[in-house]
Every structure is written in C-alpha cells, then in structure tokens.
Amino acid sequence: REKDRDANERSNDRDRDRAREKDRDANERSNDRDRDRAREKDRDASERSKERDRDRVREKDRDASDRSKERDRDRAREKDRDASERSKERDRDRVREKDRDASDRSKERDRDRAREKDRDASDRSKERDRDRAREKDRD
C-alpha cells in the first residue's frame with residue numbers, strides 16, 4: 001500500500017509537472033502571439049505615421065512649389081507689364097516725334113508760302129513802282 005501510494009503520488013506529481021509545463025508552454029505561446037500582435041500593431045502605426053509625415057512633406061513641397069510658381073508668374077506678369085508700358089511709351093514718343101516733325105514741316109511750308117507771298121507782293125510792288133516811274137518819265 002505504501003508503495004502504491006508513493007507510486008500514485010509520483011504519478012500525480014508527474015501529471016502536475018506535465019500540466020504546469022503544458023500551461024507554461026501555452027502561456028509562452030500566448031505571450032509570444034501577444035508580443036507579435038503588439039509589434040505588428042506598432043509597426044502598422046509607425047508605417048501610418050511615416051506615411052502621414054511623407055504626405056505632409058509632399059503637401060508642404062507642393063505648397064512651396066505652388067507659391068514659387070505663383071511668384072514666377074507674378075514676376076513674369078510684372079515684367080510683361082513693364083515691357084508693355086515701355087513699348088507704349090516708345091510708341092507715344094514716336095507719335096509725338098512724328099507729330100512734331102509733321103508740325104515742323106507744316107510750319108516750314110507755311111513760312112515758305114508766306115515768303116513766296118511776300119516775294120510776289122514785293123515783286124508786284126516793284127513792278128508798279130517801275131510802271132509809275134516809266135509813266136512819270138514819259139510825262
């Protein structure tokens with residue numbers, strides 16, 4: 001009986017040891033799975049965070065690029081406006097010069113006409129004076 005009891009206790013001890021080992025193994029596997037899930041979750045969160053950061057950087061770069069393009073367009077518009085204003089000013093200068101030249105030519109023609117008219121009047125006056133002198137000589 002003592003022998004059976006000892007054998008039974010050893011058997012129970014072995015069963016308990018096996019059960020504890022089995023529980024420990026199951027617990028370790030469960031802990032491993034939990035750690036794996038936590039790592040996967042952290043990795044996913046990290047990847048999403050990195051993607052958000054990349055998106056923010058892309059958006060920031062796009063905004064900077066858009067602002068740069070807008071500044072370039074503004075500069076080009078300003079340059080075009082300045083060039084247009086200079087062109088218009090040159091055109092106005094040309095028109096003023098053309099008008100001045102036309103006015104000078106017109107004044108010159110008027111002076112020529114006036115000189116011609118004065119010369120004609122002077123010639124007629126001299127002719128009358130000569131006619132009077134001849135008339136006087138005949139008398």
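Biologist: Within helix α1, what separation along the helix do Arg-37 and Asp-34 have?

Modeller: Happy to take you there, and please keep in mind that this is a predicted model. Arg-37 and Asp-34 are 3 residues apart in helix α1, so about one helical turn separates them. Their side chains meet in a salt bridge, with N to O at 2.8 Å. As a general point, side chains of opposite charge can pair when their charged atoms come close. Asp-34 has a relative accessibility of 38% and therefore counts as partly exposed, since that class lies between the 20% and 50% cut-offs.

Let us follow the helix to other pairs. Asp-13 and Arg-16 are also joined by a salt bridge, and their closest N and O atoms are 2.3 Å apart. Helix α1 covers residues 2–138, and because Asp-13 and Arg-16 sit 3 residues apart in it, about one helical turn lies between them. Asp-13 is partly exposed at a relative accessible area of 35%, and Arg-16 is partly exposed at 41%.

Further along, Arg-96 makes a salt bridge with Asp-93, where the closest N and O atoms are 2.2 Å apart. Both residues belong to helix α1, and their spacing of 3 residues is about one turn of the helix. Here Arg-96 is partly exposed at 40% relative accessibility, while Asp-93 is partly exposed at 36%.

Salt bridges can also link up into a group: Glu-51, Arg-54, Asp-55 and Arg-58 form a network of them. Altogether, the structure holds 34 salt bridges. As for the charges themselves, the protein chain carries 57 positive and 52 negative side chains, and the centres of these two sets lie 0 Å apart.

Now step back to see the setting of your pair. The protein chain has 1 helix and 0 strands. Its radius of gyration is 59 Å, well over the 14 Å that the globule rule gives for 139 residues, so the chain is more spread out than a compact globule. Along the principal axes, the C-alpha atoms fill a box of roughly 200 × 5 × 5 Å. Buried residues make up 0% of the 139 residues. The chain exposes about 13100 Å², and carbon and sulfur atoms supply 45% of that area.

So, back where we began: Arg-37 and Asp-34 are about one helical turn apart in helix α1, and a salt bridge joins their side chains.

Key:
Residues are numbered from 1 along each chain as its sequence is written. This is a predicted model: local features need pLDDT of at least 70, side-chain atom pairs count only at pLDDT 80 or more; totals for chains, interfaces and linings use all residues. Side-chain values use heavy atoms; hydrogens and water are left out. Helices (H or I, at least four residues) and strands (E, at least two) are DSSP runs, numbered from the N terminus. The radius of gyration is taken over C-alpha atoms; the globule rule is 2.2 Å times the number of residues to the power 0.38. Buried means under 20% relative accessible area, exposed over 50%, partly exposed in between (1.4 Å probe, protein chains only). Accessible areas come from the Shrake-Rupley method with a 1.4 Å probe; for residues, only the protein chains shown count as cover. Lys and Arg count as positive and Asp and Glu as negative; His and the chain ends are not counted. The place of a charge is taken as NZ of Lys, CZ of Arg, CG of Asp or CD of Glu. A salt bridge is a side-chain nitrogen of Lys or Arg within 4 Å of a carboxyl oxygen of Asp or Glu.
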